[in-house]
Amino acid sequence: MAEAATMQVSDEVAVTINNMNKWYGSFHVLRDINLTVNRGERIVICGPSGSGKSTLIRCINALEEHQKGSIEVDGTLLSSDLKNIDKIRSEVGMCFQHFNLFPHLTILENCTLAPIWVRKTPKKEAEEIAMHFLEKVKIPDQANKYPGQLSGGQQQRVAIARSLCMKPRIMLFDEPTSALDPEMIKEVLDTMIELAEEGMTMLCVTHEMGFARQVANRVIFMDEGQIVEQNEPEAFFNNPQSPRTQLFLSQILGH
Amino acid sequence: MANTEVSFVRTETLPPMAPPIGEQGIVKWLRENLFATPANGALTLVALYVIYVILSGSMPWIFNGVWNTSSLTECREVLDGTRGACFSVLTERWHQLIYGFKYPPDAYWRPNLTFVLMLVAIAPVLFFDLPRKMLIFTAIFPFLAYWLIWGGTIMTPIIALLGVVAGGFVYTRFVASNFAIGFFGAILAALVVWIIGGFMTPDTANENAMLQAVPSRDMGGYMLNLMLGVVCVSLSIPLGIALALGRQSDMPLIKWICVVFIEFVRGVPLITLLFVASVMLAYMFPPGTTTDLFLRVVIMITMFSAAYIAEVIRGGLAALPKGQYEAADSLGLDYPQAMRLIILPQALKISIPGIVNVAVGLFKDTTLVSVISMFDILGMIRGPILGGAAEWNGVYWELFLFACIIFFVVCYGISQYSQWLERRLATDHR
């Protein structure tokens, strides 16, 4: 795509996943995952439910443990060492399907909490940073409300702002628009597109194929815990190779 | 609009209107709530009759009450066969009901002052809009309260305070590098200060102290109930939180210690634990040490209610969506931060009704210490007042009514506070 081409991708590696395997009990959820993400790359991961796509990105910030293989994020190897895990988590932002804002804190407090406690930023500075990012997601006027008073789309944008306040180098999105009304999906996607245009490294589990076409460098299709196919969006959508991908695409684009 | 037409476009919004006249005001309320159906109306009349019977029996008894005689026989002479209560037992024995029968009367100001200071100390904990600096007084209060109520040398509370300060200093100094060094180092530092301080205090210090020393066995009355209630509630909430978190721990040893403790304590009647405290606990301490009965009872009641509070809080923790833990984790908060800032504020808020339930129950259960011959308010009523001399033998209603009322006042206060707190913390707008 023309727009994608203008967004530069560096040669620097952000995430390396090597022969990663994960089991839930004896159930093999992720099988031999190999993936390298360069800085500035925007990757969309899609696939049927239960294919392991959420589990894959949750392994990157160690919300899920992997049992075999290695994951390296920003040069730090993910091990069971808690110090490493906390370091990686403070560098990697994550947005969830159900937003997971903290309902007992105001929007502003939601955004300043991690910078103050993890980064040890002074409160005043943290609030300035938070207001900056709330303006960026276009809800600075809601800063003193509680999450329960906001619409789903607004909550998801707050969640994005909350992650950005930690100045992450990589953003993970776990189906950020799946719990939203159709009217609100656009406002969240617009925020994400804006973020992509600024060169943020993004891994995005989503079924928004329009979004994938517009911003992704690479689309990955997963099924049964494996990466079945990956390609540039144009080729992926117009000329899928694997029969499984063809079936999937025909089902979600069919109507 | 004709019926045959299907298409319809509203061009103006309808203005809001007031409801019909028969559907508002007191008449509507009476009709809907008291006399909705014939059966409903009959029940209303029966209920009114029952209320009338109760009030017509009790009101004359209360308002005809006698307040200034010095014995039951005298009281009966004044009443002269009419129905009336002998409230004079309260006016004559109020100090025994409140302070017990051995606490030195010239020192009654000490518990009174402590009570007032307690309200000041507890205020910033209960009402968090108050200035946070007041918490400094809250931290000093336990030591001050101990000195005021028990009296004796001022060295004891000062050394205790110094030990805690030393422990706190060691903890903050080392906890950043290693939790275990900080935690156990703090305990060690506190113990060292206490032992050195114990040696430095002369044995005769209590004899010429500013405040006359009062041993625990001389405490009694409602004061004892309040002391036990306040101390045990404030100790069992943090212990309960620790047990609830311990029960969720990934470390099997800690988890199993907590599970066994909670299940064991919940499976045993409180009276049994109190008997253990009064008779058997001495065997568990090192030989030669005598541990105060008050302290032993505090340990037992605290353990008992902490186990219940732990289960209540576990319910609160389980009610939180997993996403809250994940969001906290994904922002890079470590375990203590995630618990303190994200998980516990929400879990405790959910648990407020349950915790208050346990706290109110605990406060009322402090009357059980009367069975192990401590003279709390029930112990005073059953022992020295009713069973002692003959002058008040038989004044049951008045005494137990009084006990009910002063317990009700405190428990209702706690309940009202918790409802206020729930409204104050309601930020989720569900």
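1. Helices α5(B) and α6(B) are roughly antiparallel to each other, a label for angles over 145 degrees, with under 35 degrees counted as roughly parallel, 65 to 115 as roughly perpendicular and the rest as oblique. In this predicted model, helix α5 (residues 109-126) of chain B and helix α6 (residues 135-150) of chain B cross at roughly 165 degrees, and their axes come within 9 Å. Axes are lines fitted to C-alpha atoms, for helices over the stretch in contact, and angles run from 0 to 180 degrees between N-to-C directions. The α5(B) and α6(B) crossing is left-handed; that term applies if the near helix is turned anticlockwise from the far one by less than a right angle, and right-handed applies if clockwise.

2. Contact here means heavy atoms within 4.5 Å. On the α5(B) side the residues include B:Trp109, B:Arg110, B:Leu113 and B:Pro124, and on the α6(B) side they include B:Leu135, B:Phe141, B:Leu148 and B:Trp150. The contact of α5(B) with α6(B) has 16 nonpolar, two polar and one charged residues. Ala, Val, Leu, Ile, Met, Phe, Trp, Tyr, Cys and Pro count as nonpolar, Asp, Glu, Lys and Arg as charged, and the others, Gly among them, as polar.

3. Helix α7 (residues 155-174) of chain B packs on helix α8 (residues 179-200) of chain B at about 155 degrees, the axes lying 7 Å apart. The pair α7(B) and α8(B) is therefore roughly antiparallel, and the crossing is right-handed. Among the residues in contact are B:Gly163, B:Gly167 and B:Phe174 of α7(B), and B:Gly182, B:Gly185, B:Gly197 and B:Gly198 of α8(B). By class, the contact of α7(B) with α8(B) has 16 nonpolar, six polar and no charged residues.

4. Helix α4 (residues 88-99) of chain B and helix α9 (residues 221-247) of chain B have axes 1 Å apart, at an angle of about 25 degrees. That makes α4(B) roughly parallel to α9(B). B:Gln96, B:Leu97, B:Ile98 and B:Tyr99 of α4(B) meet B:Gly221, B:Tyr222 and B:Met223 of α9(B). Five of these residues are nonpolar, two are polar and none is charged.

5. Chain B has 16 helices and zero strands, whereas chain A has ten helices and ten strands. Both elements are DSSP runs numbered from the N terminus: helices are H or I of at least four residues, strands E of at least two.

6. The C-alpha trace of chain B spans about 105 × 80 × 40 Å along its principal axes. For chain A the spans are about 55 × 45 × 35 Å, and the radius of gyration of 18 Å agrees with the value near 18 Å for a compact globule of 255 residues. The radius is taken over C-alpha atoms, and the globule rule is 2.2 Å times the number of residues to the power 0.38.

7. The mean pLDDT (the predictor's confidence in each residue, from 0 to 100) is 89 for chain A, with 96% of its residues at 70 or more. Over residues 1-6 of chain A the pLDDT is below 50, and this stretch has seven contacts beyond near neighbours in sequence. Where pLDDT is low, the predicted coordinates should not be read in detail. For chain B the mean pLDDT is 87, and 95% of its residues reach 70 or more. The complex has an ipTM of 0.90 and a pTM of 0.84 from the predictor.

8. Residues are numbered from 1 along each chain as its sequence is written, and chains are lettered from A and ligands numbered from 1 in the order in which they are written. Local features need pLDDT of at least 70, side-chain atom pairs count only at pLDDT 80 or more, totals for chains, interfaces and linings use all residues, and side-chain values use heavy atoms, with hydrogens and water left out.
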